[in-house]
Amino acid sequence: MRVANVFLLGVVVAVGVVGCSDKTNPRVATKLNQDAMLVGDLPANPLQGRVITSWIDKRNATMSTMFGNDVAVQNARTKAVVPYPVGAVLSVVTWGQQEDARWFGGNIPKGVKAVEFVTVTAPGAYSYERFEGLPLKKVASGEGGDPADRAGYLMSVRAAVMP
Amino acid sequence: MIVVAASRIRTLVWVAVIFAVGFLCLQLVRPTLTNPPVTAELQAPPEVRQILRNSCYNCHSNETQLPWFDKVVPAYWLVTSDVKEARKHLNFSEIGKLPAAQQKAFLFEAVNMIQLGAMPLPSYLRVHPGAAVTPEQLAVLRNYLIAPADLDATAAAEAAIRAASASSAADAEYDKWVHTSNVAMDVKPEFNGVAYIPDYKNWKVISSTDRFDNHTMREILGNDVAVKAIAEGHINPWPDGTTFAKVTWAQTQPDVNGFVKTGAFVQVELMVKDATKYASTEGWGFGRWRGTELKPYGKDAGFQNECTSCHAPMAKNDYVYTMPIGGQQ
C-alpha cells in the first residue's frame, strides 16, 4: 500500500514538475509604459533626439533625461567647456516616478511633469520654453542671456560618459 | 473465459511486480545530498529570516530538510539537483560573510523572483504549498529593504569619504572621455561572440531607471528595429534585429539643487534578438562591457547563464524587463 502511494506521489511530482501554468503574472504581461508618454502639442519630440545625460530629483521623486539635436550632442560629447554653439537645441523631459513593477528596487518614469527646450539662437543668446500639464501646454517662454537662470543651468549640465 | 481472465490478471500482476521491483531498485540510485556547516548565515532581522527559512532555506541554504516524499526517486533526483543548483546561486548559510550591501542585493533579487512568480519554483510549490510567500510576508521583506540603512557615525564618515573619492574619480573619467570620445576604441566581443556596438549611444531612448537597490541609474536605448517595433506594437516577440543597450552609471551624491546625476560609467549591456542564431539563449545574444575600458564581462561563454537565469521570469514577455515608453515614432 505504502509502496503504491509512494509510486503515485512520484508520478504526481513528475507531472507537477513537467506541467506548466498558463497564468501570466500581471507584472510580466506585455505592455508599453503609456503613463510616461508625451502627450500634447510640442514643437519637437524630445525622444527623437539623442541622449546627453539624465538626473534624479530624490526629494521630489522625479527623473529627467536631457536630449540634444546633432549640434548639441556633438558639443556635449566632445567639449568639456560649454557654451553650446548656435543651432544647438537641448530638450529635457522630467517624469514623475513609479515603482518598476518588474523590478522591486527600481523606479521608472510615470506621468510627464515638464518638457523644456533651450535653443541657442545667437552667440550667448538663447530661447527657453517650458511645457506642463496633460496635455502638455506652454507655461513659460523667454529669451535671455543670463547664465544664472534655468536655461543657463541646463546648458551647464555635463554629458554622461558613454564610451 | 475464466482461463483467459486469469491469465490476464497474471500478466497484470507480473507487470505490476516488475514495475514495483524496478521502482524499488531505482531507490538505490541516490545522489548524495549533505548539509554542510552553516558558516555565515545571512544577517537580517529575525522576522525576515523566518520567512526565508520557511520558503527558501530548503533549497537555498545548508539546512535542507526534505519531507519523506521528496526522498523517493524520481522526486529525490529532481530535488537533489535543484538544491545543488539553488545553493550555487544563493546560499543563505554562507552569504553572511559578504558586505551588507551585497547581502541586500541578493534579497532584492529574491523579492523580485518571488513577486514575478519565479520563486519558490512553481513546480516545488505544487508539492510544497506551505512554502508559498504570503502577501503579508512579501510586505515584510520589501519594507526591510526599503528602510534606509542604519549607519553608525563611523560608517557614515566612511561613506562620505567614499563619496568624495568617487566624485573626483568620476570627474577625471569625464575629462578623459570628453577629450577622446572621437577616437574609436578597440573593443573585444563578448565570450559568446556578441559584438560590441559603439553606435548604441546614438539610438533612441526607450526608458530609464533609478535603481535605488544598487545606487545606479540607467538609460535604455533601442536601435531602429526596436523603435519601429514599439511604434507598431509588435513587442512580443520582438522582431529579429531588435537590439537594446542599457547604459549604467553610479549615482552621484545630490548637488546643490538636490539632484543626483550620472557619476562613474559602470557598464553598457546589449541584447541582440535573433531567434535562430541565439536559440540556445532564448533568442537573445547577451553582452556586457564593464568600465570605460569596455572589458567583456565573464571568463567564458558561461556568463550567459547569469543573463538567462535572471531574465527567465520574463519568459512570457520575450525575456525583456524594460517596459518601453509609449508614443515612439
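Buried means under 20% relative accessible area. At 18% relative accessibility, Y319(B) therefore counts as buried. This is a predicted model.

**Nonpolar cores**

- The largest nonpolar core has 62 residues.
- I52(A), Y84(A), W95(A), V115(A), Y200(B), L221(B) and V268(B) touch the most other members of this core.
- Strand β4 of chain B, residues 259-273, gives the largest share of the core, with 6 residues.
- Domain 3 (151-183) and domain 4 (187-317) of chain B both contribute residues, so the core lies between them.
- Another core, of 19 residues, lies apart from the largest one. Its members include C56(B), L90(B), L107(B) and V133(B).
- In soluble globular proteins, nonpolar side chains tend to be buried together.

**Contacts of Y84(A)**

- Leaving out residues up to four places away in sequence, Y84(A) touches I52(A), M66(A), A72(A), N75(A), A76(A), L90(A), V120(A), M155(A) and V157(A).
- Of these partners, I52(A) is also one of the residues that touch the most other members of the largest core.

**Second largest cavity**

- The structure holds 3 cavities of 30 Å³ or more.
- From chain A, its lining takes S54(A), W55(A), I56(A), M63(A), S64(A) and T65(A).
- From chain B, the lining takes S208(B), T209(B), M217(B), R218(B) and E219(B).
- Four strands each supply at least two lining residues: β1 (50-57) and β2 (62-68) of chain A, and β1 (204-211) and β2 (216-222) of chain B.
- By class, the lining has 4 nonpolar, 5 polar and 2 charged residues.

**Domains of chain B**

- Chain B is divided into domain 1 (1-25), domain 2 (46-146), domain 3 (151-183) and domain 4 (187-317).
- The C-alpha centres of domain 1 and domain 4 of chain B are 59 Å apart.

**Backbone details**

- Most residues other than glycine have a negative phi, and most peptide bonds are trans.
- The peptide bond from M119(B) to P120(B) is cis, with omega near -15°. P120(B) sits in the loop between α5 (100-115) and α6 (122-127) of chain B.
- N236(B) and P237(B) are also joined by a cis peptide bond, with omega about 0°. P237(B) is in the loop between α9 (224-232) and β3 (243-251) of chain B.
- D318(B) is not a glycine, yet its phi is positive, at about 55°. D318(B) falls in the segment after α10 (304-311) of chain B, and counts as buried at 7% relative accessibility.
- Y319(B) has a positive phi too, near 65°. Y319(B) is found in the segment after α10 of chain B.

Key:
Residues numbered from 1 in each chain as written. Chains lettered and ligands numbered in written order. Predicted model: local features only at pLDDT ≥ 70, side-chain atom pairs only at ≥ 80, totals over all residues. Heavy atoms only, no water. Core = buried A, V, L, I, M, F, W, Y, C linked by side-chain atoms within 4.5 Å. Buried < 20%, exposed > 50% of the residue type's maximum accessible area, 1.4 Å probe, protein only. Domains from an automatic or database assignment. Contact = heavy atoms within 4.5 Å. 1 Å grid on protein atoms, 1.4 Å probe; cavity = no way out; pocket = protein on both sides within 12 Å on 5 of 7 lines; lining within 4 Å. Points joined across faces, edges and corners; volume = space filled by probe spheres on them. Nonpolar A, V, L, I, M, F, W, Y, C, P; charged D, E, K, R; others polar.
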